[in-house]
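Visitor: I am new to this structure. Please take one part and look at it closely with me.

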Amino acid sequence: MAKVLVTGAAGFIGMHLALGLLKRGDEVVGIDNLSDYYDVSLKKARVAQLQRPDFCFLQVDLADRSTLQQVFDTHKFDAVVNLAAQAGVRYSLQNPYAYVDSNLVGFLNLLEQCRHQQPRHLVFASSSSVYGNSPHVPFSVNDNVDHPISLYAATKKSNELMAHAYSHLYAIPVTGLRFFTVYGPWGRPDMAYFSFTKAILEERPIDVFNFGKLQRDFTYVGDIVEGVMRTLDRPPAPNPEWAAHPDPSSSTAPYRIYNIGNQQPVDLDHFIEVLERCLGKKAIKRYLPHQPGDVLATYADVEQLTRDTGFTPRTSIEDGLARFVDWYCSYYHVQRDYALATKP
């Protein structure tokens, strides 16, 4: 049993991770600022799923340094998982300062608290967006990622650099996980699979960018949670061979970077077809040009995560979307024509 801080606990991945930790017997303190970037009632409903004696929820903004320090002064954490962030590539074009406050200032405040308390492991969320439009596929943690094409991606790359500096200076074991398009029940309304589902059910057009010529390595949230917990239990050690064979994924500090994805990119058109079958309704597609900041394809090489933790993604896009649609219809009280809907 461990005491784990999960930031972003009212978020999509944060809620599922907190549930996973609680189910295995850990004590969890969850913090979240409950921002109104999307429906706050959904965030509160997620938190309601976590209520039990070994869970404590606090409404805290990582950018609020003094309040965050009070949390660390009150609790002694064995491990910390940072999932709090201002998400969304397209929103970063509209409100860039939100990304600086949350993803940079907030993360620095968290690193400072870990510096003083020294948990046995800090795991933080990075993103596949750091790869930009890299021509090398599948994306490898050994690749150079110095050319982000959105501010969101730039903040995630910055998190990796900040985390390495603190790991090097203060010997904090730190692992960054580059998430690849996570989806599933209780998901984020700003994600395509969520907004597509709502639009299809309401018989409204869906916006299909780059005329549908996009690929994403969709990763089911249950697989993500398994990977995060496996990683959390294995704090990194310094790589003794780094000086002779340097690579971006490790260091002479106790620091690691991993990809965490399904390792099976899906064409956007096929993704929509699967969703249509789950819903029993056809989408009205509005094909649009490429959206600034969007990458054309994501494809995770998870070999190193598998080697070090035994992580293996198991959920197909067909099974994962079916589970999401079942949750969506239940949560929003949608009456489906089950005679039309078929499991892919």
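Guide: First, a term. A helix axis here is a line fitted to the C-alpha atoms over the stretch in contact, and the angle between two axes runs from 0 to 180 degrees between N-to-C directions. Two packed helices are described by the angle between their axes and the distance between the axes. Keep in mind that this is a predicted model.

Our part is helix α8 and its partners. Helix α8 covers residues 268-279. Take α10 as its partner to begin with. Helix α10 spans residues 317-331, and α8 packs against α10 at an angle of about 45 degrees. Their axes lie 9 Å apart. Angles under 35 degrees count as roughly parallel, and 65 to 115 as roughly perpendicular. The pair α8 and α10 is therefore oblique. The crossing of these two helices is right-handed.

Which residues of α8 and α10 make the contact? From α8 come His270, Phe271, Val274, Leu275, Cys278 and Leu279. From α10 come Ile317, Glu318, Leu321, Ala322 and Val325. Sorted by class, the contact of α8 with α10 holds nine nonpolar residues, one polar and one charged.

Setting aside residues up to four places away in sequence, Leu321 touches Phe271, Val274, Leu275 and Cys278, among others. Tyr183 and Tyr193 are also on the list for Leu321.

Helix α6 takes in residues 192-201. It packs with α8 at an angle of about 50 degrees, and the axes are 11 Å apart. That angle makes α6 oblique to α8. Here too the crossing is right-handed. On the α6 side, Tyr193, Phe196, Thr197, Ile200 and Leu201 take part. They meet Leu268, Phe271, Ile272, Leu275 and Leu279 of α8. By class, this contact of α6 with α8 has nine nonpolar residues, one polar and no charged ones.

Now the core. The largest nonpolar core has 103 residues. Leu17, Phe179, Tyr193, Phe271 and Leu321 are those with the most contacts inside it.

Leu108 sits in helix α4, residues 96-117. Is Leu108 buried, exposed or partly exposed? Leu108 is partly exposed, at a relative accessible area of 36%. Beyond neighbours within four places in sequence, Leu108 is in contact with Met162 and Tyr166.

Gly106 also lies in α4. Gly106 is buried, with a relative accessible area of 0%. Leu62, Ala63 and Asp101 touch Gly106, leaving out residues up to four places away in sequence. Gly106 and Asp64 are 42 residues apart in sequence, yet 7.5 Å apart in space, C-alpha to C-alpha.

Helix α4 has a packing partner as well. Helix α3, residues 65-74, packs with α4 at an angle of about 30 degrees, with axes 10 Å apart. The crossing of α3 and α4 is right-handed. Arg65, Leu68, Gln69 and Phe72 of α3 meet Asn109, Leu110, Gln113, Cys114 and Gln117 of α4. The class count is four nonpolar, four polar and one charged.

Note on methods: Residues numbered from 1 in each chain as written. Predicted model: local features only at pLDDT ≥ 70, side-chain atom pairs only at ≥ 80, totals over all residues. Heavy atoms only, no water. Helix = DSSP H or I, 4+ residues; strand = E, 2+ residues; numbered from the N terminus. Buried < 20%, exposed > 50% of the residue type's maximum accessible area, 1.4 Å probe, protein only. Contact = heavy atoms within 4.5 Å. Core = buried A, V, L, I, M, F, W, Y, C linked by side-chain atoms within 4.5 Å. Parallel < 35°, antiparallel > 145°, perpendicular 65-115°, else oblique. Left-handed = near helix turned anticlockwise from the far one by under 90°. Nonpolar A, V, L, I, M, F, W, Y, C, P; charged D, E, K, R; others polar.
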